[in-house]
Amino acid sequence: MIKQFVRDFQYALNSREHSLFTHLLPNEKRDRLAAHAAKYDNFVETGTYLGETTAAMSGVYRKVYTVEIHEELYRKAAARFAGQDYIRCFHGDSAKVLPEIVAQLDGPAVFWLDAHYSGPRTGKAGSRETPIEDELATIFESESKEHLILIDDARLFVGKNSYPTIGRLWKFVRTHSPYSMTVRDDIIRLYRDPERY
Ligand SMILES: C[S@@+](CC[C@H](N)C(=O)[O-])C[C@H]1O[C@@H](n2cnc3c(N)ncnc32)[C@H](O)[C@@H]1O
C-alpha cells in the first residue's frame, strides 16, 4: 500500500516536472504521431478541433478516425476531408462515439486522446471537461490489447475540472487493463510492447 502510494506520487511529480520542462511544438508532436505509422495502420483521434492533426496523419496511416463534439468544428472537418475515404469524421461525445469507432478497427491502433474543453468555440459534454475515463474503458474492452494509447496535455491531470490526477489515472489503468504507463513531454503513454512506442 505504501509502495503503491509512493509510485503514484512519483507519477504525479514526474508529470508536473515534465510539463514544466519539456514541451513539444504542435509540429513536433505531429511528427512523433506520424512516426508510429511504421508499426500501426489505424489512427484514432478524439477532439478533431481544426483538423490539423487529422490532416497531418492523412496519407500517413491507412485509416484515420476522428471525433468532435462541437457541431461547427465537426462540419468544417467533414467538409475539409470529404472525398478522402480513408478519413472518417464523427460527430458527438467521444465517450459515446468511440465504441462505434473501435468496432470498425481491423487491428491495433494509435489512439490520440485529445478531446477536452479548450475554451471559447470548443465543446464539452455537459459539465464534464474530459471524457478520458470513459474513452479508456472503451479501448480496454476492445478485442485488441496491443493498442498504443497517447493522451495529450498530461499537465491538466491534477484532479480538477473533472480530470483525474495522474495517480488516479494510473490506478484506473492498472486495475482495468494490462497496459503500462509513462508520462513524458506532456503526453501520457499507455503501451504493451515497449518496442512499439
Ligand atoms: C485540444 S482540442 C483538439 C486538438 C486536435 N486534436 C489537434 O491535435 O489539433 C480539443 C477538442 O476536443 C473537443 N471536445 C471536447 N470534449 C469532447 C468530447 N466529449 N467528445 C469529442 N470532442 C470533444 C473540443 O471541442 C475541441 O475541439
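Student: What share of the contacts in the protein chain with a separation of 6 or more comes from residues 24 or more positions apart?
Tutor: Keep in mind that this is a predicted model, where local features need pLDDT of at least 70, side-chain atom pairs count only at pLDDT 80 or more, and totals for chains, interfaces and linings use all residues. Residues are numbered from 1 along each chain as its sequence is written. Two residues are in contact if their C-beta atoms, placed from the backbone, lie within 7 Å. For pairs with a separation of 6 or more, the share from residues 24 or more positions apart is 64%.

Student: Is Tyr49 buried or exposed?
Tutor: Let's count neighbours: buried takes 20 or more other C-beta atoms within 10 Å of a residue's own, exposed takes 12 or fewer, and partly exposed is in between, with C-beta atoms placed from the backbone. Tyr49 has 20 C-beta neighbours inside 10 Å, so Tyr49 counts as buried.

Student: And where is Tyr49 found?
Tutor: Helices (H or I, at least four residues) and strands (E, at least two) are DSSP runs, numbered from the N terminus. Tyr49 isn't a glycine, yet has a positive phi of about 55 degrees. Its place is the loop between β1 and α3.

Student: Which loop holds Asn161?
Tutor: Asn161 also isn't glycine, and its phi is positive, near 55 degrees. With 13 other C-beta atoms within 10 Å, Asn161 is partly exposed. Its loop lies between β5 (148–151) and α7 (166–176).
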